[in-house]
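These are my notebook entries on a structure that I consulted one topic at a time. Each entry records what I looked up and what I found.

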Amino acid sequence: AIATTLLSCVPHLKPTFSPTLLPILFSYLFDIPTTNNHDLLGPPMCKRVRTRMGGFELLKEMCRDCGDVLDQAITKLNVFHIPERSHPGQPRLKHWNYSPSHMEKQCGYVGLKNLGATCYMN
């Protein structure tokens with residue numbers, strides 16, 4: 001909250017602090033736990049709703065009215081949303097939209113085949 005308020009009151013500091021603050025903020029918000037590091041102290045550092053909301057508010061304030069910081073944030077976010085190649089032989093995706101009806105199917109129908117052993121709850 002302090003950093004968000006500071007950057008909203010003194011916006012010319014955004015380009016100065018973004019090279020240091022943006023990687024830390026992305027680490028705190030988006031790091032993924034590993035098999036060796038998945039306890040309460042493991043990533044991401046911002047786990048609770050309140051801390052995550054504060055982190056996203058800070059990210060939003062850093063990007064507001066600062067095109068350079070916004071470009072850096074989008075580049076970092078694209079890593080999570082745009083795979084290098086979704087399938088071998090397909091071109092790299094250029095957008096975040098996902099529409100399965102526009103994707104070509106590789107096989108026929110897939111799903112659960114009921115062999116009489118599927119339980120249903122009423």
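The model is a predicted one, in which local features need pLDDT of at least 70 and side-chain atom pairs count only at pLDDT 80 or more, while totals for chains, interfaces and linings use all residues. Residues are numbered from 1 along each chain as its sequence is written, and side-chain values use heavy atoms, with hydrogens and water left out.

I counted 2 aromatic pairs in the structure. (Rings of Phe, Tyr and Trp, the last by its six-membered ring, pair if their centres lie within 6.5 Å; planes under 30 degrees apart are stacked, over 60 edge-to-face, and the rest tilted.) Both F26 and F30 belong to helix α2, 4 residues apart, or about one turn of the helix. Helices are DSSP runs of H or I with at least four residues, numbered from the N terminus. I noted F26 and F30 as buried; buried means under 20% relative accessible area, exposed over 50%, and partly exposed in between, with a 1.4 Å probe and protein chains only.

Helix α2 (residues 14-30) also holds Y28. I recorded Y28 as partly exposed because its relative accessibility is 38%. With I24 and M45, Y28 makes a nonpolar surface patch of about 290 Å². For such a patch, residues need over 30% relative accessible area and no salt bridge, and nonpolar side chains (Val, Leu, Ile, Met, Phe, Trp, Tyr) are joined within 5 Å. A salt bridge is a side-chain nitrogen of Lys or Arg within 4 Å of a carboxyl oxygen of Asp or Glu.

I then turned to the cysteines. How many disulfides are there? The count is 0, where a disulfide is a pair of cysteine sulfur atoms within 2.5 Å. C63 is buried at 13% relative accessible area, and C46 is buried at 11%.

I next examined D65, which lies in the loop between α3 (49-63) and α4 (67-81). D65 has a positive phi of about 55° although it is not a glycine. I recorded D65 as exposed, at 78%.

Last, I looked up T4 in helix α1 (residues 2-9). T4 counts as buried because its relative accessibility is 16%. Leaving aside neighbours within four places in sequence, T4 is in contact (heavy atoms within 4.5 Å) with G54, E57, L58 and E61.

Note on methods: Patch = residues over 30% accessible without salt bridge, like charges linked within 9 Å, V, L, I, M, F, W, Y side chains within 5 Å. Areas by Shrake-Rupley, 256 points an atom, 1.4 Å probe, with all protein chains shown as cover. Helix = DSSP H or I, 4+ residues; strand = E, 2+ residues; numbered from the N terminus.
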